[in-house]
Amino acid sequence: MEKTKLPEIISSLPGPKAKEVIEKDSLFTSPSYTRGYPLVAEEARGAIVKDPDGNLFLDFAAGIAVCSTGHCHPEVVAAIKSQAEKLIHISGTDFYYPIQADVAEKIAKMVGKTKKKRVFFGNSGAEAVECAIKLAKYYTGKKRFIAFFGSFHGRTTGSLSLTASKTIQKERFFPLMEGVTHVPYANCYRCPFGQKYGSCKMECLSFIENVIFKTVVPPSEVAAIFFEPIQGEGGYVVPPREFVEGLREICDKHRILLVADEVQSGCGRTGKFLAIEHFGIEADIVCLAKGIASGLPLSAVVADENIMSWPPGSHASTFGGNPVALKACEATLKLLEKELMKNAKEQGDYLLAGLKEMMNRHKVIGDVRGIGLMIGVELVKDKTSKERFTELRDRVEVECFYRGLLVLGCGANTIRLCPPLIIDRTQADYAMKIIDESILAAVDFLKGEKRTSIII
Ligand SMILES: Cc1ncc(COP(=O)(O)O)c(C=O)c1O
């Protein structure tokens, strides 16, 4: 597989061997998983995934924005192997090991441009968010939070309380953590206040000050505002700079902590280590996971030294900061700094320009937006009414799969492109070609024509 760059479909999909896996899986795994199409992965290198029937797929999903350095990058694999032969686990909660101190120093310095930071290691995005909730409560002594409609912060009880993405994620799980107030995010394509960016008065910010803080919750009781600098599951929504700056001002004015959930947008995906850097401000607490260790489970919460000042026993995790995951993280960070953040910007700019051009040719593409390799393509029934075209988005994912491209959806009607940060120009061009064809095929499919897909 080493030199393969482009997809190649050689069987029906799913092929016979893939079908066997799917059948067994459907008997024994939790039915709560959401599978949009039947990909079975057997091995993967770079941006190419091979299924058990020998089909090759170009991966623009990266295991939900995780495999930042590509699948099985040789430097990451070497780091994992060498650490696995030396020390797999000892628990950083109770003991010390060099790689934990080394990676903490490295991340603290990458995030802390102006202030000294400390780092808490966990295993998943939701765990990072749980840690940030507890830290904000501990440090401020306050118990209430502001979060945004459309946000996704995880599925554990605390993080789920901040999430406001899809009600299926909450159905039958109430009561959750109390004290969270949700407010509209700055989605300029669908301004919740009916305004237009450029002529608006940033009503999304004044709503917090003038409505929420005057009628719902006093700012003096708010521990933190949790936000995604680019909304991920909510539809890859990029807010205007003024919004992020305004949140910082509100937090400073009322002594509220600003928590940037960079679980999806962080670790180089946008061309900078943190997405918030594009907005020129710093958060008080940053949550990282997904792309941080190229696929090994690891998360990091990074906070100002004075904020992360809780005593021993107040928070810990048996597996958090596992040595093997940390070695993978160290190798990942090196690759990001060496070349991958630069590549994310270059390929991201190229894809964004190509997809914007595609938007002019397709009536159903309402918006194309993103930074670096975090790009959303929003599908609508009509560009004026902007009615969401969810069925089309779902079908485009399937048509892409039949043509050998792996993409995921986000929000109700957006295709998300979050490939490994190693993709090259040929792969970007090929992905755009497949997306173009898949949109046409999906439109025809929904019209009932079931136009040829190259496979079925
Ligand atoms: C912004 C954000 N926060 C938190 C999470 C939860 O991460 P995990 O699934 O690793 O718990 C996600 C997952 O998609 C996310 O996108």
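## Helix α11

In this predicted model, the buried residues of helix α11 are Gln427, Ala428, Ala431, Ile434, Ile435, Ser438, Ile439, Ala441, Ala442 and Val443. The spacing of such positions can be read against helix geometry: an α-helix has 3.6 residues a turn, so residues three or four places apart point the same way. The elements that cover the buried residues of α11 include β3 (56-59), α9, α10 (390-402) and β13 (405-406).

The helix runs over residues 425-446, which is 22 residues. After α11 comes Gly448, with a positive phi near 95°.

## Domains and their contact

The protein is divided into two parts: domain 1, made of 16-72 + 340-446, and domain 2, covering 74-335. Taken over C-alpha atoms, the centres of domain 1 and domain 2 are separated by 25 Å. Contact between them involves 30 residues of domain 1 and 28 residues of domain 2.

On the side of domain 1 that touches domain 2, at least two residues come from each of α2 (62-65), α9, β11 (365-371), β12 (374-379) and β15 (414-417). Helix α9 gives the most to this side, with 5 residues. By residue class, the side of domain 1 that touches domain 2 divides into 15 nonpolar, 9 polar and 6 charged residues.

## Nonpolar core

How many residues does the largest nonpolar core have, and which of them have the most contacts inside it? The core has 136 residues, and Ala132, Val259 and Val301 are those with the most contacts inside it. Helix α9, residues 323-361, gives the most to this core, with 14 residues. Both domains take part: the core draws at least three residues from each of domain 1 and domain 2.

Val301 shows what such a core position touches. Leaving aside neighbours within four places in sequence, Val301 is in contact with Val119, Phe120, Ala128, Cys131, Ala132, Leu135, Ile285 and Cys287. One of these contacts, Ala132, is itself listed with Val301 among the residues with the most contacts inside the core.

## Ligand shell

The ligand is surrounded by 15 residues, and the closest are Ser124, Gly125, Ala126, Val263 and Gln264. Helix α5 (residues 125-140) supplies the largest share of the shell, 3 residues. The shell divides into 6 nonpolar, 6 polar and 3 charged residues.

## Backbone details

Two cis peptide bonds can be described here. The bond from Leu13 to Pro14 is cis, with omega near -10°, and Pro14 lies in the segment before α1 (16-28). The bond from Phe174 to Pro175 is cis as well, with omega near 0°; Pro175 lies in the loop between α6 (157-162) and β6 (180-183).

Positive phi also occurs in residues other than glycine. Ala62, in helix α2, has phi near 50°. Ala62 counts as buried because it has 30 C-beta neighbours inside 10 Å, where 20 or more are needed. Met202 is not a glycine either and has a positive phi of about 50°. Met202 lies in the loop between β6 and α7 (203-216), and is partly exposed because 16 other C-beta atoms lie within 10 Å.

Not counting residues up to four places away in sequence, Glu42 touches Lys50, Asp51 and Pro52. Glu42 and Ala18 are 24 residues apart in sequence and 9.2 Å apart in space, C-alpha to C-alpha.

Glu249 is found in helix α8, residues 241-254. With 14 C-beta neighbours inside 10 Å, Glu249 counts as partly exposed. Glu249 and Leu205 are separated by 44 residues in sequence, and their C-alpha atoms are 10.0 Å apart in space.

Terms used
Residues numbered from 1 in each chain as written. Predicted model: local features only at pLDDT ≥ 70, side-chain atom pairs only at ≥ 80, totals over all residues. Core = buried A, V, L, I, M, F, W, Y, C linked by C-beta atoms within 7 Å. Buried ≥ 20, exposed ≤ 12 C-beta atoms within 10 Å, placed from the backbone. Helix = DSSP H or I, 4+ residues; strand = E, 2+ residues; numbered from the N terminus. Domains from an automatic or database assignment. Contact = placed C-beta atoms within 7 Å. Near = placed C-beta within 6 Å. Nonpolar A, V, L, I, M, F, W, Y, C, P; charged D, E, K, R; others polar. Expected span 1.5 Å × (residues − 1).
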